[in-house]
Amino acid sequence: MTAKQKILYFLYLHRTGLTVTLLSTAIFCWPLVTSNPYTLGLTNLIALHVVVVLGLNLFIGYAGQISLGHAAFYGLGAYGSAIATVNFGINPWLAMLLVAFLVALVALVIGIPVLRLAGHYLAMATLGLNFVLHTILLQWDEVTGGPSGFYGIPYLAIGDFEFYDEFRLHYLLWGFALLSLLLCLNLVRSGVGRGLAALAGDETAAAALGVNTRNAKIKVFVLSAVLASLAGSLFAHTYSFVSPDSFNIFVSTDMVIMVVIGGMGSIWGSLLGAALITMLPEWMDLFETYKDFVHGGILVLVLMFLPQGLVTGLFDLVRTRLALRRGQDAAA
Amino acid sequence: MLRLENVSKNFGGLPALSDVSFDIPQGKLTALIGPNGAGKSTLINCMTGVLQTTSGRIRFRDIQIETLPPHQIARLGIARTFQNLKLFPRLTVLDNVLTGLTCEGGKSLVMAMFRLPYLRHRERSLKLRALEALDRFGLADKANWPAGVLAYGDKKRVELARATVGKPELILLDEPVAGLNAEETAAVGEQLNLLRRAGHTMLLVEHDMELVMTIADRVVVLDSGRCIAMGSPEEVRRNPLVLEAYLGRTEAVA
């Protein structure tokens with residue numbers, strides 16, 4: 001091997017680790033590039049979405065299921081943390097874990113019957129779940145604050161170090177997002193992840209290879225609910241205010257759009273999808289009022305022309321080209 | 001190794017299998033033949049737990065398997081290939097073969113997320129085994145290709161590699177040469193012969209009579225859901241019932 005080939009091979013071999021390192025460095029330096037709190041607030045929101053979308057992408061892209069109700073778990077996490085810290089005075093960090101655990105139980109109890117369904121039926125069931133939660137948040141006002149929302153949620157803090165401004169929150173939220181990214185990357189590159197990819201590809205084939213399809217779906221559902229709940233808790237402590245409309249069905253569909261646009265079954269795609277869809281209203285404030293139309297339009301276009309999503313679709317295209325060219329080279 | 005006792009399967013009152021009984025002896029290649037609609041695929045689906053039998057027993061070694069779900073049957077050591085290829089087109093060839101080792105990988109989601117050293121170690125040894133399997137089927141140079149771009153014959157071989165990589169005790173092959181040309185059929189036949197000589201127990205469901213007659217140790221004939229004959233290829237070939245039901249019509253080997 002020549003030196004150039006050696007370097008390329010090294011890059012190829014450690015591509016995931018290198019990308020993660022590069023990304024972490026970029027994110028670490030980002031507040032040095034811009035100190036505008038508005039911009040940082042926006043990238044912080046991306047970090048929150050990334051955590052939810054990563055979990056949802058495992059569920060949609062790997063386990064091959066659909067959920068139109070993940071904002072419910074996001075909302076449970078947010079309101080759970082709000083109520084636990086304000087009404088019960090529990091330490092925010094502890095509350096976050098406690099709420100995540102409870103949400104895992106809720107997801108388990110819901111997942112066992114609901115994941116017997118597939119396709120449209122599963123979509124309807126999860127949509128229904130979101131409606132129910134949204135209605136509870138609106139109506140049960142002595143606990144949730146009703147339509148006007150829940151105020152006065154404390155900031156997260158380590159000792160006396162409070163995460164209250166965008167600069168500090170940047171490191172907190174992106175720390176969580178990168179950790180989730182790392183854990184998800186590990187998962188999909190493991191044997192369990194391959195089992196999940198098999199499940200997304202073909203359920204009968206996956207079962208014939210020894211994948212317990214029912215359990216796998218439930219496990220991933222619970223995992224994605226836990227990630228959504230953690231993101232929700234962070235949301236509550238970031239804005240110190242939560243209201244029901246942050247967790248309605250349109251938020252759920254936006255999450256699905258992020259998964260689809262970034263690329264189903266692509267962890268990196270989750271990052272891109274979350275970033276693109278979160279930034280979109282900023283780039284086109286003219287369209288802000290018509291946000292849902294724009295999102296819908298983008299979804300239709302992507303599904304028509306690149307059904308695998310941007311990252312997965314382009315990656316597949318390049319990989320297929322390379323393989324075919326190598327095949328021709330070998331034949332020649 | 002695998003024994004079917006009076007297996008019946010009805011679809012809403014219509015009998016697809018009635019009272020089918022036969023053995024799959026260890027270390028032999030048993031072929032299951034029969035005209036279209038004879039119930040061959042139904043039988044394989046019953047053996048792998050995809051379908052529930054209406055009545056009768058299926059024993060694998062001493063375990064009754066007819067009520068087990070598919071993944072548990074797979075974990076007992078029964079692997080299968082599918083009539084209409086079920087590869088995962090987006091995964092690489094190597095990853096496709098690695099899915100055949102699912103039973104031996106870790107099962108815990110949480111352990112996998114933290115990528116513990118013992119898992120990394122196991123992953124490496126699984127990868128080596130998958131590469132070996134690919135090598136046996138002459139596909140090692142395409143290990144990193146996405147499986148979707150392979151030629152049809154290569155896909156069939158990947159499926160065989162995936163079915164055999166976990167060293168299953170019994171391999172069920174659902175029409176492995178359907179859609180292949182004569183040359184490719186001969187190649188697959190060669191592979192099956194190698195597997196047979198290596199001591200694998202196999203059940204081959206196939207339409208290609210020439211292949212069946214040359215490599216099968218035993219042949220079982222199904223017709224309209226009934227087992228009408230079994231024996232060595234030679235015996236089956238001479239059986240008048242079989243000739244009438246099947247061979248007589250095609251005259252392919254007569």
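Biologist: Which residues are linked with B:Arg90 in a network of salt bridges?

Modeller: A:Asp316 and A:Arg319 are linked with B:Arg90 in that network. A salt bridge here is a side-chain nitrogen of Lys or Arg within 4 Å of a carboxyl oxygen of Asp or Glu. Side chains of opposite charge can pair when their charged atoms come close.

Biologist: Before we go on, what am I looking at?

Modeller: This is a predicted model, where local features need pLDDT of at least 70, side-chain atom pairs count only at pLDDT 80 or more, and totals for chains, interfaces and linings use all residues. Residues are numbered from 1 along each chain as its sequence is written, chains are lettered from A and ligands numbered from 1 in the order in which they are written, and side-chain values use heavy atoms, with hydrogens and water left out.

Biologist: And how do I read pLDDT in chain A and chain B?

Modeller: pLDDT is the predictor's confidence in each residue, from 0 to 100. Where pLDDT is low, the predicted coordinates should not be read in detail. Chain A averages 89, with 98% of the residues scoring at least 70. Chain B averages 87, and 96% of its residues score at least 70.

Biologist: Is A:Asp202 buried or exposed?

Modeller: The general idea is a set of cut-offs: buried means under 20% relative accessible area, exposed over 50%, partly exposed in between (1.4 Å probe, protein chains only). A:Asp202 has 19%, so it is buried. B:Lys86 counts as buried too, at 17%.

Biologist: What does B:Asp154 pair with?

Modeller: B:Asp154 forms a salt bridge with B:Lys142, the closest N and O atoms being 2.9 Å apart. B:Asp154 lies in helix H6 (residues 152-164) of chain B and B:Lys142 in the loop between helix H5 (117-136) and H6, so the bridge ties together parts 12 residues apart in sequence. B:Asp154 also meets B:Arg157 in a salt bridge (2.5 Å, N to O). Those two both lie in helix H6 of chain B, three residues apart, about one turn of the helix. B:Asp154 is buried at 11% relative accessible area, whereas B:Arg157 is partly exposed at 21%.

Biologist: Now backbone angles. Which way does phi go?

Modeller: Most residues other than glycine have a negative phi, and most peptide bonds are trans. Here, B:Arg61 has a positive phi near 55°, and its place is the loop between strand S4 (55-60) and strand S5 (63-64) of chain B. B:Ser224, not a glycine either, has a positive phi of about 50°. B:Ser224 is in the loop between strand S9 (218-223) and strand S10 (226-231) of chain B. B:Arg61 is partly exposed at 40% relative accessible area; B:Ser224 is exposed at 53%.

Biologist: Which residues form the nonpolar patch on the surface?

Modeller: A:Ile7, A:Leu8, A:Phe10, A:Leu11 and A:Leu18 form it, with about 460 Å² of accessible area together. Patches are made of residues with over 30% relative accessible area and no salt bridge; like charges are joined within 9 Å, nonpolar side chains (Val, Leu, Ile, Met, Phe, Trp, Tyr) within 5 Å. The areas come from the Shrake-Rupley method with a 1.4 Å probe, and for residues only the protein chains shown count as cover. Helix H1 (residues 3-13) of chain A gives the largest share, four residues. A:Phe10 is in helix H1 and is partly exposed, at 46% relative accessibility.
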